[in-house]
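Work through each task before reading its solution.

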Amino acid sequence: MAAPTKDAMIRIAYGELYVQMVAEGHAGNPDVLDDMTRRAIDAFRMAAQAVVETGIMDVDVEEEE
């Protein structure tokens, strides 16, 4: 008998910038979900850095007094 499978989705968004991943048909292994989370966070950080570096998004940094 095959183990029941599940689908998992993670989405990280800030305004119009988002990263979304879907794992279809996994067996509910927490390691799969942990890996998805880490990869999504890394992908979001890289995407955010790219839009700032290319000038698509401005970042206002407030200086502390």
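**Exercise 1.** Determine whether aspartate 35 is buried, partly exposed or exposed, and identify its salt-bridge partner.

*Solution.* Step 1: the relative accessible area of aspartate 35 is 34%. Step 2: buried means under 20%, exposed over 50%, and partly exposed in between (1.4 Å probe, protein chains only), so aspartate 35 is partly exposed. Step 3: a salt bridge requires a side-chain nitrogen of Lys or Arg within 4 Å of a carboxyl oxygen of Asp or Glu. Aspartate 35 meets this with arginine 39, the closest N and O atoms being 2.7 Å apart. Step 4: both residues belong to helix H1, 4 residues apart, about one turn of the helix; helices are DSSP runs (H or I, at least four residues), numbered from the N terminus.

The model is predicted: local features need pLDDT of at least 70 and side-chain atom pairs pLDDT 80 or more, while totals for chains, interfaces and linings use all residues. Residues are numbered from 1 along each chain as its sequence is written, and side-chain values use heavy atoms, without hydrogens and water.

**Exercise 2.** State how many salt bridges the whole structure contains, and describe the one formed by aspartate 34.

*Solution.* Step 1: the search finds 2 salt bridges. Step 2: aspartate 34 pairs with arginine 38, with 3.0 Å between the closest N and O atoms. Step 3: these two residues also lie in helix H1 (residues 30-53), 4 residues apart. Step 4: aspartate 34 is partly exposed at 37%, whereas arginine 38 is exposed at 53%.
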